[in-house]
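Hi,

Here is the structure I promised to pass on. Have a look at it first, and my notes on its salt bridges follow below.

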Amino acid sequence: MSGTGEEWQVARWRKGAGRKSKILHVSSNSACFQEQLDVGKTVKRIRDTVSELRCEEFMQEWKEQLLVAGSADVSKPPGNRDTEGPIDQLRTSRDGRLCPQLECVCYGLGSFSSCVSARYQLAMLLLLLDAQQIPLKDCSVYDPAFCSGERDVLTQLGLTVLTENEEGKRLATKPTLFYLMHCGKALYNNLLWKNWSTRCLPLVIIIGNSFSGMRDRTIEREFKRDYSYITQAVSVCEERQLPCPSRLIDVFSDTAVITFPTSSLNRLPQSTWAEPPEPQYQHCPDLEIIQREVQRLSHHHDSLSQGEEEDY
């Protein structure tokens, strides 16, 4: 969710918009309060928020829907299950269900030390990891907006902090939960492109904004042109809408658990999967993610503005 500093700016409401989008700007000012961050105090605030959310009625529905999504293919008889398919490693959940052992990747969380919404989203992530019995170290987290103090907080919580901007292009080689709360469409589109096959997409579970909602809020011609993988995925993915109390509407609105059943993917023509081109976004001046090259140039500009000289 958007922070209060210059790192995140919330997009203005546009016609047809149903939610706020995160737009990231890397700024030299992002380091200003970072060194003053009280890691211990921030960890305590996050754990207090976890305790608060744990008592919310809607939490049980979130856990249940994620459990159903994660165990969807387990109903197949063991003899028919491909050892390289989505359920190659199984565990028994706390309520006795057979579920895959998941890994987790979280992108675009935002500056949780200064933004209440981002802190709630982080607390929810921790609760879902616990519910799915995913070890904290098996959850990788990245956001260009994180300051050094926030990275220390995440490490102290036990999470794995990534150091490279993957732009969402993470290949799922085993069942993986992607936690992408209110992220830009390009991040989802990149993730789909990287996993665009009938072998990898069933390994992907997304908790994030509804694909059908994205489609409904975007001009159809632009949506098909700029986000072709979301456009194709809308017709074959399975979305389970997650409840959101009115007081947390800015934090968890328009959130769904999204999965990609093999049976649905097989309905698409074989040509769908042939050499999928990498997204370029030439027509997207207001891209809702920070790209690696832009991030590098921004840091380079910041260093020069702080008095460093460079020979050209």
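A quick definition before the notes: buried means under 20% relative accessible area, exposed means over 50%, and partly exposed is in between (1.4 Å probe, protein chains only). Bear in mind that this is a predicted model, where local features need pLDDT of at least 70, side-chain atom pairs count only at pLDDT 80 or more, and totals for chains, interfaces and linings use all residues. Residues are numbered from 1 along each chain as its sequence is written, and side-chain values use heavy atoms, with hydrogens and water left out.

I went looking for salt bridges, meaning a side-chain nitrogen of Lys or Arg within 4 Å of a carboxyl oxygen of Asp or Glu. That rule gives 13 of them.

Start with Lys-44 and Asp-48, whose side chains form one at 2.9 Å, N to O. The two sit 4 residues apart in helix H1 (residues 39-54), so about one helical turn separates them. (Helices, H or I with at least four residues, and strands, E with at least two, are DSSP runs numbered from the N terminus.) Lys-44 is exposed at 51%, while Asp-48 is partly exposed at 41%.

Next, Glu-52 pairs with Arg-247, with 3.4 Å between the closest N and O atoms. Glu-52 is in helix H1 and Arg-247 in the loop between strand E10 (238-241) and helix H9 (249-252), so this bridge ties together parts 195 residues apart in sequence. Glu-56 joins these two in a salt-bridge network.

Finally, Arg-225 bridges to Asp-226 at 2.8 Å. Here Arg-225 is partly exposed, at 38%, but Asp-226 is buried, at 10%.

Cheers
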